[in-house]
Amino acid sequence: MLFLVRMDVDIPRDIAPKVADDIKAHEKAYAQELQRIGKWVHLYRVVGEYANYSVFDVESNDELHALLSGLPLFPFMKIKVTPLAKHPSAIA
């Protein structure tokens with residue numbers, strides 16, 4: 001199942017910079033591992049925003065929820081999930 005996911009990040013300003021940096025480092029490692037195993041298929045930043053659009057390829061809604069809620073930045077995110085289906089005019 002393919003999902004388009006928009007993630008908007010809003011880290012509270014009162015978090016110590018060192019703590020925020022540690023969270024971001026763990027986020028990067030986790031995201032890269034999901035990319036390596038083929039679950040996080042595409043990752044694009046949104047220019048001028050602390051946000052991204054991503055495409056996930058997972059077995060179920062529950063798997064997607066587990067992957068997203070495992071993100072270290074999850075508590076600081078607003079997430080919008082859009083299920084995707086193959087378009088009948090697509091050639092690939």
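Guide: Let us begin with the rings: the structure holds 1 aromatic pair, where rings of Phe, Tyr and Trp (its six-membered ring) pair if their centres lie within 6.5 Å. This is a predicted model, in which local features need pLDDT of at least 70 and side-chain atom pairs count only at pLDDT 80 or more, while totals for chains, interfaces and linings use all residues. Residues are numbered from 1 along each chain as its sequence is written, and side-chain values use heavy atoms, with hydrogens and water left out.

Visitor: Why is the pair of Trp40 and Phe56 called tilted?

Guide: Planes under 30 degrees apart count as stacked, over 60 as edge-to-face and the rest as tilted. The ring centres of Trp40 and Phe56 are 4.7 Å apart and their planes stand at 35°, so the pair is tilted.

Visitor: What makes this pair a link between distant parts of the chain?

Guide: Trp40 belongs to strand E2 and Phe56 to strand E3, 16 residues apart. Helices (H or I, at least four residues) and strands (E, at least two) are DSSP runs, numbered from the N terminus. Trp40 and Phe56 are both buried, a word that stands for under 20% relative accessible area, whereas exposed stands for over 50% and partly exposed for the range in between (1.4 Å probe, protein chains only).

Visitor: Why does Pro75 count as exposed?

Guide: Pro75 has 61% relative accessibility, and therefore it counts as exposed. Pro75 sits in the loop between H2 and strand E4 (77-84), and its C-alpha is 8.7 Å from that of Ile11, although 64 residues separate Pro75 and Ile11 in sequence.

Visitor: How do you know that Gln35 is partly exposed?

Guide: The relative accessible area of Gln35 is 34%, so Gln35 is partly exposed. Gln35 is found in helix H1 and touches Trp40 and Leu43, not counting residues up to four places away in sequence, where contact means heavy atoms within 4.5 Å.

Visitor: What does the side chain of Glu63 reach?

Guide: The side chain of Glu63, a residue of helix H2 (residues 61-69), reaches the backbone nitrogen of Glu59 at 2.6 Å. Leaving out residues up to four places away in sequence, Glu63 touches Lys39 and Val58.

Visitor: Which residues lie nearest the centre of the largest pocket?

Guide: They are Glu27, Leu43, Tyr50, Asn52 and Leu73, out of 19 lining residues. A pocket is an open set of points on a 1 Å grid over the protein atoms alone, where a 1.4 Å probe fits, with protein on both sides within 12 Å along at least five of seven lines, and lining residues have an atom within 4 Å of a point. The volume of the largest pocket is about 430 Å³, and H1 gives the most to its lining, with 6 residues.

Visitor: How do the residues of that lining divide?

Guide: The lining of the largest pocket has 11 nonpolar, 3 polar and 5 charged residues. Ala, Val, Leu, Ile, Met, Phe, Trp, Tyr, Cys and Pro count as nonpolar, Asp, Glu, Lys and Arg as charged, and the others, Gly among them, as polar.

Visitor: Which pattern does the protein chain follow?

Guide: Along the sequence the pattern is β-α-β-β-α-β, with 2 helices and 4 strands. Of the 92 residues in the protein chain, 30% are buried.

Terms used. Points joined across faces, edges and corners; volume = space filled by probe spheres on them. Polar contact = N/O pair within 3.5 Å; in protein donor to acceptor, adjacent residues only side chain to side chain.
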